[in-house]
Amino acid sequence: MTNLQDDQDAQDAQDSQDTPAPQHAPEAPDTPPPGCPAHAARLYGPDFRRRPDETYQRIRQDSGPVAPVLLEGDIDAWFVLGYRETRQVLSDTETFGRDPRRWNGWDSVPPDWPLTPWVAYSPMMTFTEGEEHQRRATAASEALATVDPFVLRGHCERLADQLIDKFAGSGRADLVYDYIYSVPTLATAELFGLSQDEAGLEALAAGLTMSFLSNEEAIAGQQRVAAYVTELVRAKRADPGPDLTSRFILNTPDLTEEQHTADVMVLMAAALPLTSYWIGNTLRLMLTDERFAMTLSGNRRSIGEAMNEVLWADSPLQNLIGRYATRDTDLGGRHIHAGDLVVLGLAAANADPLLWPDSPVGHAGNHSHVAFSGGDYGCPAGGPETARIIAETAIEVLLDRVPDLTLAVAPDELRWVDSFWYRCLESLPVTFSPAPVTAG
């Protein structure tokens, strides 16, 4: 599952109430198609990693809502920044397909391309189309529907307390290493029926994280995850249990072991990295933005508002590869050729100025973002709610236990992971008054 979002049909129904459709932007002047570096911005490198929002803003100013860009290795693609255009691509699966074998640019992709793990064709549900995709996505939704939110919240509270106990007395911690990854990892282990072996879980989390990096570690990271999940699927096919892996397998008895492994990897890819980064980006916001920092102690509403603000303004999932044009078409004033790669700039679309003509209004109560993608390839129903419970519980328990968290470095000293896909911190050092451990 490359994204997590509530039932998209229900979400789309409320979009018109949450946010008025942006006004039509003037068509951008015709430009050369992908392939001309002089007309394409680079979506990689230190500047992009440090301030992707500034890169998106420059691209929008220079090229409009759809722009030619260069991915890692100077690979050509179209980048969709407009909110309206993003919604159009997400909803028009006839024109913008999901099977990467359509891409006309594979000849220029080197064998060690770091984006390969989640772009090259494999038997994942995200690369299927039509009835096949619908069938597998429905099976995932039905498995997620069996998660009891009250049981999950209670489990996450216990996990959070146990993790905080390890650093509460010291008065300092690096929340990325000590907490932000650990809560979702342990919750995922419970949900998917994983072994509670600490070393194995750390290896799984590290492999998933590596697979989304923009460097040479990405391919090896996904290979490690595939080996781990293959053993899990093999065990659950032989001896199912009361977990998401078993329920998905039972819902899709006609799939092969390879297909089951690929689909469970997709589900885990959302359950672990995305939820962790949602926690991390929300805590960073609450520690650096006075609108939230001044209500750190006791104000439950501020946590929900901060989490929603992050999905709009600092989305954990920044970009998606992708869609592939099934025929020649026009989008945002650009002529897209059959086989062209279309990258969805989810974070950029959420910041579309045509969507927010009155910036002081803010994002409170508005859930029509595309932070979890949408349409037929949006997250299976129940996925976003599961992620929200894990993330919200982790943040609540942390602020209950150590309410005077303070960032230990200047905000501009925080470093970001080198990932085209995600926006996430390398570390989040904090100080606080030492707190007692829990009785349990």
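## The largest pocket

Four helices, H2 (46-50), H3 (52-63), H14 (300-313) and H15 (346-350), each supply at least two residues of the lining of the largest pocket. The structure described here is a predicted model. Of these helices, H3 gives the most to the lining, with 6 residues. In total, 31 residues line the pocket, and its volume is about 970 Å³. Those that lie nearest its centre are Arg 51, Pro 52, Asp 53, Glu 54 and Ala 313.

Is Ala 313 buried or exposed? The relative accessible area of Ala 313 is 56%, and a residue counts as exposed when this value is over 50%, so Ala 313 is exposed. Ala 313 is found in helix H14. Ala 313 and His 369 are 56 residues apart in sequence, and their C-alpha atoms are 9.7 Å apart in space.

## The chain as a whole

The chain contains 16 helices and 11 strands. Buried residues account for 57% of its 440 residues. Considering contacts between residues at least 6 apart in sequence, 74% join residues that are at least 24 apart.

Helix H12 comprises residues 257-288. At 1.5 Å a residue, its 32 residues should span 46 Å, and this agrees with the 46 Å that separates its end C-alpha atoms. Of the 32 residues of H12, 29 are buried, so the helix is largely enclosed by the rest of the structure.

The largest nonpolar core has 135 residues. H12 gives the most to this core, with 17 residues. Which residues have the most contacts inside the core? They are Leu 71, Leu 175, Tyr 179, Ile 321 and Leu 428.

The surroundings of Tyr 179 can be described in detail. When residues up to four places away in sequence are not counted, Tyr 179 touches Ala 160, Leu 163, Ile 164, Phe 167, Asp 174, Pro 184, Ala 394, Val 397 and Leu 398.

Strand S9 (residues 341-345) is mostly covered, with 5 of its 5 residues buried. Both of its faces are covered: Leu 341, Val 343 and Gly 345 are buried on one side, and Val 342 and Leu 344 are buried on the other.

Strands of a sheet pair through backbone hydrogen bonds, and they may be parallel or antiparallel. Strand S9 takes part in pairings of each kind. Strand S3 (residues 75-80) runs parallel to S9 and is joined to it by 3 bridges; in this pairing, Phe 79 has Val 343 of S9 as its bridge partner. Strand S6 (residues 319-325) runs antiparallel to S9, with 5 bridges between the two. The bridge partner of Asn 319 in S9 is Gly 345.

## An open sheet of three strands

An open sheet of 3 strands has the order S5-S11-S10, and its pairing is antiparallel. Which strands lie at the edges? The edge strands are S5 (172-174) and S10 (406-407), each of which pairs on one side only.

Strand S5 and strand S11 (residues 429-431) pair in the antiparallel sense over 3 bridges. Within this pairing, Ala 173 has Val 430 of S11 as its bridge partner.

Technical notes. Residues numbered from 1 in each chain as written. Predicted model: local features only at pLDDT ≥ 70, side-chain atom pairs only at ≥ 80, totals over all residues. Heavy atoms only, no water. Pairing = 2+ DSSP bridges. Expected span 1.5 Å × (residues − 1). Buried < 20%, exposed > 50% of the residue type's maximum accessible area, 1.4 Å probe, protein only. Core = buried A, V, L, I, M, F, W, Y, C linked by side-chain atoms within 4.5 Å. Contact = heavy atoms within 4.5 Å. 1 Å grid on protein atoms, 1.4 Å probe; cavity = no way out; pocket = protein on both sides within 12 Å on 5 of 7 lines; lining within 4 Å. Points joined across faces, edges and corners; volume = space filled by probe spheres on them.
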